[in-house]
Amino acid sequence: MKKFCSLLVLVLAVVAVVLCPAAGAATKAPAEYRVVMIVKQSDPWFDDMTLGIERLKSEMGVNAYVLTPESGDPALQIAIMEDLISQGVDAICIVPNDPQAILPTVKKARDAGIVVVTHEAPGIASEVNLDVEAFVNAEFGALMGEAVGKAAEGKGEYAGFVGGLTMDTHMEWYKAAVAAIKQKYPDMTNISDEPFEDKNSIEVAYDKTVELLKAYPNLKAIFDCSAHGSGVAQAVKDKGRGDIKVVSLAIPSMSASYIKDGSMVHGQAWRPADAGYATCYAAYLLASGAGVSTGANLKATGYEDVKVEGNIAYGYAPLVFTADNIDEFHF
Amino acid sequence: MSNLASRRDHDLYILIGLTLVLAAVFAVVFGESMYSARNLRSMAYQMPEFGLLALGMMLAFLIGGIDLSIVAVANTSGIMTALVLTGVWLPGLSGYGVVAAAVATGLTAAVAFGLFNGFLIAKLSASPIIATLGTMTFYSGIGMALTGGKGITGLPSAFTSFGTAEMLGVPVIFVCFVAVAAALSAFLSRTALGRRMYLYGENPLAARFSAIDVERIGFWVYGVIGLLAGMSGHIVISRVNSAKVGYGDAYQLQALLVCVIGGIHPQGGRGKTLGVVCAVILMQMLSSAFTILRFSPYAKKLIWGSMLIVMLGLEYLSAKQNVRRELRQKIVH
């Protein structure tokens with residue numbers, strides 16, 4: 001049936017091309033569009049993203065596939081991009097290891113008429129055709145803040161972590177979370193104006209939490225904007241402080257056991273498969289001339305009604321983990 | 001002696017033949033997607049940065065050493081150049097003055113890094129693999145301290161235009177690479193010093209007893225390696241318009257691989273520049289083919305790794321063969 005359908009589409013496309021050559025470009029079948037996603041490296045996160053792009057290929061018929069460099073070296077991503085430019089693909093999607101370093105190659109690609117769509121690179125959005133983000137950072141942070149307030153029942157002291165003070169996205173989430181708590185749960189107090197740094201390390205998160213528990217015995221909740229909140233949960237567990245609620249950015253492969261035993265009450269992230277699907281589908285829409293504007297449907301969960309602002313397409317795709325659903329995800 | 005030379009050329013012909021055969025096979029299999037003018041030019045843009053690193057590694061191999069710090073030298077020298085270019089260091093310069101000052105700073109630093117390696121290895125007799133492993137961490141640590149791990153961006157176009165410039169349709173950086181390779185080749189085969197480098201690599205003890213100043217040769221060879229690495233670093237930052245610690249880490253293994261495939265004997269004393277150039281082209285063709293074939297990263301790693309082992313195996317077998325042949329000749333005479 002599927003074969004028949006695609007054959008029909010192909011036949012129709014050929015007929016259309018023959019009948020009206022001027023509109024030929026607009027009637028190319030999806031399978032004729034070569035959309036390539038270059039991910040950062042091979043790990044559970046990007047393996048899940050690959051699943052999304054395989055689904056796009058089977059559902060929409062777009063000739064989309066993923067290329068994975070041997071390591072996280074930006075030079076390898078650029079080499080792959082160069083090769084793709086000379087092969088003349090229709091669109092290149094990339095999750096850049098070093099957004100600034102790919103800019104000259106992005107220019108080369110666009111000069112050659114290739115659509116370039118990035119994911120997780122809002123800083124260079126003005127230089128590419130489109131950047132696709134899973135959500136507006138402030139909304140994601142607010143969701144985390146509300147979870148903190150709800151878990152602590154709106155009372156008591158709380159503390160927040162980020163990976164590092166220089167990490168822009170972590171800081172945006174942190175500020176939005178604190179603002180949301182202040183607005184909805186005015187009885188809660190933040191013990192520090194600035195967040196603590198876990199340096200993107202479970203060990204550091206653990207050690208700092210142990211120090212915090214000693215210095216602030218009345219703490220009711222801790223949240224972590226980096227994915228290393230499992231260190232916080234472990235420390236709370238080891239010190240027998242089950243009354244402290246832990247909320248964190250979470251990756252199932254790292255945090256599943258804590259979410260299941262309740263030492264992490266709320267974990268949130270976004271689904272790499274959906275992000276990959278939406279990014280590549282957006283690239284297909286741009287390459288085929290359909291374009292992506294506010295309200296566009298990128299067909300992936302959370303990206304059905306994107307908001308386009310400053311060349312960035314925002315979805316609303318936060319993924320909240322619970323003890324019941326955590327086993328469904330493998331990234 | 002002439003016997004030895006002809007045997008070496010024999011190995012080189014096999015490599016050139018292999019490259020041509022592979023090129024022909026790819027022409028049949030991939031056709032346009034491999035041999036369009038656009039792809040050839042794209043490959044010419046990609047080769048110089050790791051090609052220069054491979055030439056540096058070749059020099060280390062020739063004198064029986066190794067240099068694991070080349071990528072770190074390239075990176076840190078690029079970072080220093082970028083710091084001058086963006087006016088963080090030596091502010092107040094403008095136009096081509098800043099470019100000249102920046103390149104001078106970067107290359108001087110690169111040579112100094114190289115000479116420090118040479119000092120450790122030649123003067124203090126440190127083991128090359130340990131010494132350069134240490135300096136690798138040390139040099140990239142300097143880069144890390146200078147930048148805090150962040151990228152330096154916004155280099156002036158007077159500098160970056162070098163990375164994209166073309167001469168009669170050929171990238172200027174590729175012309176530079178070929179010129180450097182030709183100069184090295186001439187130096188190694190035509191000058192007395194080049195000859196001494198081979199002798200030093202073949203048998204350092206014998207070289208020492210033949211009144212060859214091995215310390216001084218070793219010291220300066222590592223300096224030249226630093227210079228080559230610095231040039232590569234400059235090409236990198238002009239191509240990507242930014243400098244950052246860790247860029248090009250994957251080139252370390254590639255440079256080693258290119259040398260081994262290019263017939264440079266890891267124990268020193270044997271190999272030709274032309275072999276390395278052939279191997280650089282071979283590697284680039286394979287790497288482009290892997291992208292066309294959509295190989296997974298595991299497959300790529302597996303292939304690079306097994307190539308290294310197979311080449312070392314072949315090297316071993318051919319060396320054994322040669323020893324046998326020579327013995328036989330001696331018995332006959």
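A crossing of two helices is called left-handed if the near helix is turned anticlockwise from the far one by less than a right angle, and right-handed if clockwise. Helices here are DSSP runs of H or I with at least four residues, strands are runs of E with at least two, and both are numbered from the N terminus. By that rule, α5(A) and α6(A) cross in the right-handed sense. The model is predicted, so to speak of local features takes a pLDDT of at least 70 and side-chain atom pairs count only at pLDDT 80 or more, while totals for chains, interfaces and linings use all residues. Residues are numbered from 1 along each chain as its sequence is written, and chains are lettered from A, with ligands numbered from 1, in the order in which they are written.

To stay with that helix pair: the axes of α5 (residues 137-151) and α6 (residues 168-184) of chain A come within 7 Å and cross at roughly 50°. Axes are lines fitted to C-alpha atoms, for helices over the stretch in contact, and angles run from 0 to 180 degrees between N-to-C directions. The two helices are therefore oblique to each other, given that angles under 35 degrees count as roughly parallel, over 145 as roughly antiparallel, 65 to 115 as roughly perpendicular and the rest as oblique. Among the residues making the contact are A:F140, A:M144 and A:V148 of α5(A), along with A:W173, A:A177 and A:I181 of α6(A); two residues are in contact if their C-beta atoms, placed from the backbone, lie within 7 Å. By type, this contact has 12 nonpolar, 5 polar and 4 charged residues. Ala, Val, Leu, Ile, Met, Phe, Trp, Tyr, Cys and Pro count as nonpolar, Asp, Glu, Lys and Arg as charged, and the others, Gly among them, as polar.

Zooming out, chain A holds 10 helices and 14 strands. Its radius of gyration is 22 Å, close to the 20 Å that the globule rule gives for 331 residues, so chain A is as compact as a globular protein of that length. That radius is taken over C-alpha atoms, and the rule is 2.2 Å times the number of residues to the power 0.38. Chain A splits into domain 1 (31-128 + 272-315) and domain 2 (137-270), with bounds from an automatic or database domain assignment. The C-alpha centres of these two domains sit 32 Å apart.

Chain B has 14 helices and 4 strands. Domain 1 of chain B covers 44-285 and domain 2 covers 295-333, and 27 Å separate their C-alpha centres. Where they touch, 5 residues of domain 1 meet 6 residues of domain 2.

Within chain B, the axes of α3(B) and α4 (residues 70-85) come within 10 Å and cross at roughly 130°. This pair is therefore oblique too, and the crossing is right-handed. B:L53, B:G56 and B:M57 of α3(B) meet B:I70, B:V71 and B:A74 of α4(B), which gives 5 nonpolar, 1 polar and no charged residues.

As for how the chains meet, the contact takes 28 residues from chain B and 25 from chain A. On the chain B side, α3 (37-62), α11 (214-240), α13 (273-292) and α14 (297-332) each give two or more residues. The largest share, 5 residues, comes from α3(B).
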